[in-house]
Amino acid sequence: MLATAIFFFFFFFAMFSALASRTALVLPGRLATRQLASSLLSGSRPHFRLFSKHAPETTSSWQRTLRPLCAQVRGIGSRSLSTLVRQSGTNLQTLSKSASSATAALRQPGQKAVGWWLLGNAALVFGTVVVGGITRLTESGLSMVEWRPLMGILPPNSEEEWNRVFSKYKEHPEYSKLFPDMDLDHFKRIFFWEYTHRMLGRAIGLAFTVPMAFFWARGYLRGADRLKCLALAAGIGGQGLLGWYMVRSGLEDKNEEHWIPRVSQYRLAAHLGSAFALYTGMLYMGLTRVLPPIVKAIPKRGALLGGSHALATLTFLTAVSGAFVAGLDAGLVYNSFPLMGETFVPEDYITKEPLWKNMLENDAAVQFNHRCLGITTASVVAAYWMLSRRLPLPGRVRAAINMLGAVAATQVALGISTLLMLVPVPLAAAHQAGSLSLLSVALWLSSELRRLPK
């Protein structure tokens, strides 16, 4: 509704302004409509050369609309024409009021500043997710065994402090079971990644809450936007608590024969999924404030919008399934493609009871499920791209769909390469960044389609 009103406002504004220098059509209210109807009735047609110069798409669309209207107007009587003119004048006034209110909403002070602030925070979340992936891949996540939200801002700054922190680490099972020969230099390397990850989380908290308070006080955030920003702020705080809850799961010694010290894959998936949810909210809200809406209606808008939502959901589910792969080190059990061993479905797909545990705790089944979700997502993107080629789409929508296909293809290549090369850290980190990039493009596409006229 809002986008439709904006479209009509700018169309009539452009039409009246353009014709003012060429014709006497720029007249207020009902008088302008009467003169337009009179020209149509007499057989003359309005000028389109100025429209062609600035907006060729608008020209062809309105020519197709006005030509059949000319024929209809010539066939009606004067009384019917008078009724048509009165109704048209009323509609013009209604559209003008609606468009004015829509334009006023878009011109609220500070909206672009709010949009860029949200996009900046989304970029910080993106970087934090990538660093978090590197932290997991380098077995660095359990190096900081203390959680000090305020006192833990500064790293150890003396040899004595480093030895104290290292001694704390030695008290936990990861050191004794996996790295009994670790020296202080090795510990400093893994400590760096976990420390950087935590500092980025704190930076997001400051970069979000302080400007939010400023925008709130200046009145740039109103109504539902205030609730959304409060929810995002609460989510950022919750992420810190959830992150420590996840780390705690890897510090507890279970005293089981084949147990490997690592964080719970359930808590890891919850931590990653929450980060993706925060990123989604920040990016979507930011894009709708920075990018102006497109005013060109397109066919099958509803189907395209539903498809973009489905793609974003599939991307999210595939990324969360990847968290289970990372949590179980399942990327190392079958390093061939497309077969897993000698079959498409691994022979050890079902090894646990009850059956549902295989989906979340069996490393072979978890890797197979991630493969299937990834292939399904890429196939849906390819079908979406091919079907959209037949439709006349605005430039930004077309660019988003093309980028969606390119990022999906790159993500498939990164996933297969990561698998075949035994999960090297740079490729695996790029693969995780690729999942967030694919989600970003799907959200961009969704934000463009949602604001198109219906």
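Predicted model: local features only at pLDDT ≥ 70, side-chain atom pairs only at ≥ 80, totals over all residues.
1. Basis. Local features need pLDDT of at least 70 and side-chain atom pairs 80 or more, while totals for chains, interfaces and linings use all residues. Residues are numbered from 1 along each chain as its sequence is written, and side-chain values use heavy atoms, without hydrogens and water.

2. Salt bridges. The count is nine, taking a side-chain nitrogen of Lys or Arg within 4 Å of a carboxyl oxygen of Asp or Glu.

3. Within a helix. Arg198 pairs with Glu194 at 2.8 Å, N to O. They sit four residues apart in helix 9 (residues 184–218); helices are DSSP runs of H or I, at least four residues, numbered from the N terminus.

4. Between helices 10 and 11. Arg289 and Asp225 form a salt bridge at 2.6 Å, N to O. The pair links helix 11 to helix 10, 64 residues apart. Arg289 is buried at 16%, and Asp225 is buried at 15%.

5. Between helices 15 and 16. Arg396 meets Glu448, with the closest N and O atoms 2.6 Å apart. Arg396 lies in helix 15 and Glu448 in helix 16, so the pair ties together parts 52 residues apart in sequence. Arg396 is partly exposed at 26%; Glu448 is buried at 1%.

6. Network. Shared partners join Arg136, Glu139, Arg262 and Asp329 through salt bridges.

7. Cysteines. There are zero disulfides, defined as cysteine sulfur pairs within 2.5 Å. Cys229 is buried at 0%; Cys372 is partly exposed at 33%.

How values were computed:
Buried < 20%, exposed > 50% of the residue type's maximum accessible area, 1.4 Å probe, protein only. Helix = DSSP H or I, 4+ residues; strand = E, 2+ residues; numbered from the N terminus.
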